Amino acid sequence: MSNRQEIKVPDIGDFDKVPVIEVLVSEGDEIEKEQSLVTLESDKATMEVPASTGGKLVELKVSEGDEVGEGDVIAVVEVASESESEASDDDGSGDEEEKGSGASSDDTEEADGSAGSDNGDEARPETRNLKPETSSDGDGERSASKGSARGDELPAPPVPFDGMDQDPSKLPHASPAVRKLARELGVDLTGVSGSGRKGRITEEDLKGHVKQTMESGGAGAAGGVGLNIAEPPQVDFSKFGEIVEEKLSRIKQISGPNLHRNWVSIPHVTQFDEADITEMEAFRKANKKAAEDAGTKMTPLVFLIKAVVAALKQFPHFNASLSNDGKSLIKKKYFHIGVAVDTPNGLVVPVIRDADRKGLIELAQELTDLSTRARDGKLKGDEMKGGCFSISSLGGIGGTAFTPIINAPELAILGVSRSETKPVWDGGAFQPRLMLPLSLSYDHRVIDGADAARFTRYLAEQLEDLRRLLL
Ligand code: CAO
């Protein structure tokens, strides 16, 4: 038995219609679930639309240059058997579910929903030829699917339109064709000067930039030094024993390059501190029932969100981003806090908006809602955008400290590890105190070490005496 399924354009954010700039498949192709079908581009960014089901592509409804909007049919796929069709419906990526899953709406973003957000369209994720992970009877493949079995059943969380949150006035002007060429050449258009009308970057500008870069030794910018990193070793691991190859999840394929970029392009330093949360824990436990009555659970994380907001108010240059030219600081008057959530498909960072205006119970409810939907792949692209500062809490799992990677274009991220009762000297005797390890990674281009130490200490003081949070 075979049946036909339509693959439609998912949620594309604020845009009514966007052009198709690339068609990546042809009629008659056998396509895999999650394989990219077309690339869409707004004047701000690009995204690839993946297939919500695998099968034979019997009808391609769009071609390059067509304008499409949410819900428009891209292709019709003949699904080989009923069981496959059911599987595809079950995973929530059918037509109805597509709005909140698959490639809807970087970067992290801005694919900033997935770790290591992305504001530049040149860092567009490559999601082509993605194969769904499968399990089989073979021993090797069984072991490959270990730990990811649940992820296979869930729809992938949305992948936002890269760069959607960028200030449009700061984005380089270029036609879709020039943007496409820039992507193929791996050129960041923000570094190219445009000679066209109103500074528009022409194909000649782009080629001139590449030529100049090559002549200056591939340094990227005149006078720069480049990273000049050696190629990773190409190893045939099967020579040493049995292996199984497993595709990375779509979130990991997207967040990986962004994390890598953030790691190599931002000078990270991590400041460690500890907060004495003995009193805070007593308060939290005393109010456990109030939270339960409100249908939620109050973990230490909600107190951390409050304390972070207080620290951002006290140190406003932490609640900021560098301008594109790196010469000024864009300070934010809002307090949107990203929270890293571990999902079966990888890390995503939903954002709690206006955390300064919310109480502990409300924050707890929102955190539970966002993390549940993140794990079910039901977050909307917009819910992973606009963060000012992120918190990555591994406290529920364990560990004493770690060095989180900054979620660009934010300037700092707080890592939280597991609290532990320790003997603390009070000047006369050792007292058992519950200590919470804090790890603040910050962008040293903007934040000095002394400020980072002050910020982390201030944060700890808020947690140590909750009355301060009321001020
Ligand atoms: N110390 C001790 N216990 C802690 C703790 C801490 N710092 N933080 C949480 N806990 C406890 C909670 O109180 C809860 O205990 P009970 O079940 O007894 O109430 C338990 O640990 C589990 O908490 P949780 O993880 O379910 O809830 P949370 O609010 O702390 O975190 C969320 C929510 C979504 C952030 C978390 O589940 C998660 O996904 N964390 C992973 C983030 C991650 O992967 N970061 C790495 C990114 S790489 O930079």
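**Helix packing and strand pairing in a predicted model**

Modeller: Helix H9 (residues 300-314) and helix H10 (residues 360-375) pack at an angle of about 115°, with their axes 9 Å apart. Axes are lines fitted to C-alpha atoms, for helices over the stretch in contact, and angles run from 0 to 180 degrees between N-to-C directions. Helices (H or I, at least four residues) and strands (E, at least two) are DSSP runs, numbered from the N terminus. This is a predicted model, in which local features need pLDDT of at least 70, side-chain atom pairs count only at pLDDT 80 or more, and totals for chains, interfaces and linings use all residues. Residues are numbered from 1 along each chain as its sequence is written, and side-chain values use heavy atoms, without hydrogens and water.

Colleague: Which residues of H10 make the contact with H9?

Modeller: Contact means heavy atoms within 4.5 Å. From H9, the contact is made by Leu301, Val302, Phe303, Ile305 and Lys306. The H10 residues are Leu360, Leu363, Ala364 and Leu367.

Colleague: Which residues of helix H4 (residues 176-185) are buried?

Modeller: Buried means under 20% relative accessible area, exposed over 50%, and partly exposed in between (1.4 Å probe, protein chains only). The face of H4 turned away from its buried side carries the exposed residues Ala177 and Glu184. The buried residues of H4 are Val178, Arg179, Ala182 and Arg183.

Colleague: In S8, which residue is the bridge partner of Leu60?

Modeller: Strand S6 (residues 55-60) and strand S8 (residues 73-79) run antiparallel and are joined by four bridges. In S8, the partner of Leu60 is Ala75.

How values were computed
Pairing = 2+ DSSP bridges.
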